[in-house]
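Here is a short briefing on a protein model with more than one topic to cover. Read it with the structure open beside you.

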Amino acid sequence: MLTFVDSVNEAVSGIKDGSTVMIGGFGNAGQPFELIDALMACGAKDLTVVNNNAGQGDQGLALLIKEGRVKKMICSFPRQSDSWHFDAKFHAGEIELELVPQGNLAERIRAAGAGIGGFFTPTGYGTMLAEGKETRIIDGRGQVFEMPIHADVALIKALKADGVGNLVYRKTARNFGPIMAAAAKHTVVQVSEIVPTGGLDPENIVTPGIYVNSIVKVA
Amino acid sequence: MSAQTNSQASIQTSDKPLGREQLAELVARDIAPGSFVNLGIGQPTLVSNYLKPEQNITLHTENGMLGMGPEAEGDDIDGDLINAGKIPVTELPGASYFHHADSFAIMRGGHLDICVLGAFQVSATGDLANWHTGAPDAIPAVGGAMDLATGAKDVFVMMTLLTRDGASKIVEACTYPLTGVGCVTRVYTDKAVFLTGPDGVTVRETFGCTFEELQELVPVPLKAAAAVVG
């Protein structure tokens, strides 16, 4: 069921200790900063967070990590020039890391949303990221079995929503939004604009409203 | 780079080693017209400066775009329009946006013609090591490197031939953790262009050294190409 809520705090109120939370964004593009700030304020801890990165600078996901609220990161690229909060937690042994090739991360999220129980892919075959995983030779190529990544909640950012929760995004800020919306049990979206139902061209909808549970407009 | 006589010495095409810009220019010239290409972060990004409009190359960025234009400047900078290195870029006419799973399906599904990547090491059979030093205190970060290396039809590597300590980065077997197995098809270095594959390493051309001098630097058996094709 879809609800429109008035505040980001209300939008994230369903997130509990121990939840798995997908957070959209690639770098800062598409990162739902206001929802992450609300997640920070709500106090939920022991979180497993799925994001491409592990926080940049002193904002958003980086602060959540700094405050020790993230038990485990599932991501493809944690190490950046300004990922100092993750780096410190990792070196202190205070955060678990599941490192996933970016295409596997995207496809595992997509698989969860599409009800797929897993898939074989050549990506990672013969590398340390395939250690301990089932492999097969398919069509003459070594392939690795990868499992879907499900989440309790997805926090994503879109440009516009209409009255039934259909979404459109903006440029490369789309990135993980559509697949995370489908993969989570409960999807929370922050948008810049809410338009009346019928105000978005049905041909151009990127995420149909069936995947969306909660929408909040942010300034 | 005109074709020369069919002897080993003839594959030397430059008196001096190539600089980074010259190497980027050479890679750009070798990309077939109409190709769909992904340029990795760092040195490979320089290649875009030398692509000519008449080549009609379409650049892919793995964060969800085809038809990427040059780096954005001034009023064109838009936080929602960045490349895989998180640098603001521009869109060209005909550009398209798509979500991350579609973007990686472009690589993983074999639709991308060429990716150009940096490397720590390339093995004699085209294994690539470019994502992790393996140092115990290093935080590993793989990004899209494994998907690019495994999915693109051709994987071009750009790197210096030697490390700062003078060791060859073309090796019998990689000692750094692998990115992909048998995936590299060409290696562009300051001293030579190598073609790699299941049959070993062929030298297409050398820069500032003869084939024999090159062989002394590289600890795997090299074959000289029959002739240089410009």
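## Briefing

Chain B contains four helices and 14 strands. The model is predicted.

**Chain B overall**

- Chain B has a radius of gyration of 18 Å, close to the 17 Å that the globule rule gives for 230 residues, so it is as compact as a globular protein of that length.
- The C-alpha trace of chain B spans about 50 × 45 × 30 Å along its principal axes.
- Buried residues make up 46% of the 230 residues of chain B.
- Take the contacts in chain B between residues at least 6 apart in sequence: 63% of them join residues at least 24 apart.

**Where chain A touches chain B**

- Chain A brings 36 residues to the contact, and chain B brings 30 residues.
- On the side of chain A that touches chain B, α4 (84-91), α5 (102-114) and α6 (177-183) each supply at least two residues.
- The largest share of that side comes from α5(A), with five residues.
- By type, the residues on the side of chain A that touches chain B are 16 nonpolar, 13 polar and seven charged.

**A three-stranded sheet in chain A**

- An open sheet of three strands runs in the order β6-β8-β7 in chain A, with antiparallel pairing.
- β6 (119-121) and β7 (135-138) of chain A stand at the edges; each has a single partner strand, so one side of each is left without a neighbour in the sheet.
- From one strand to the next, the twist averages 40°.
- α5(A) packs on this sheet and touches β6 and β8 of chain A. The direction of α5(A) makes about 165° with that of β6(A).
- β7(A) pairs with β8 (residues 141-146) of chain A in the antiparallel sense, over four bridges.
- Within these strands, A:Thr135 stands opposite A:Val144 in β8(A).

**Helix α2 of chain A**

- Which residues of α2 (residues 33-42) of chain A are buried? They are A:Glu34, A:Leu35, A:Ile36, A:Ala38 and A:Leu39.
- An α-helix has 3.6 residues a turn, so residues three or four places apart point the same way.
- The cover over the buried residues of α2(A) includes α1 (8-11), β2 (20-23), α3 (61-66), β9 (151-161) and β11 (184-194) of chain A.

Methods:
Residues numbered from 1 in each chain as written. Chains lettered and ligands numbered in written order. Predicted model: local features only at pLDDT ≥ 70, side-chain atom pairs only at ≥ 80, totals over all residues. Contact = placed C-beta atoms within 7 Å. Nonpolar A, V, L, I, M, F, W, Y, C, P; charged D, E, K, R; others polar. Pairing = 2+ DSSP bridges. Axes fitted to C-alpha atoms, helices over the stretch in contact; angles between N-to-C directions. Rg over C-alpha atoms; globule rule 2.2 N^0.38 Å. Buried ≥ 20, exposed ≤ 12 C-beta atoms within 10 Å, placed from the backbone.
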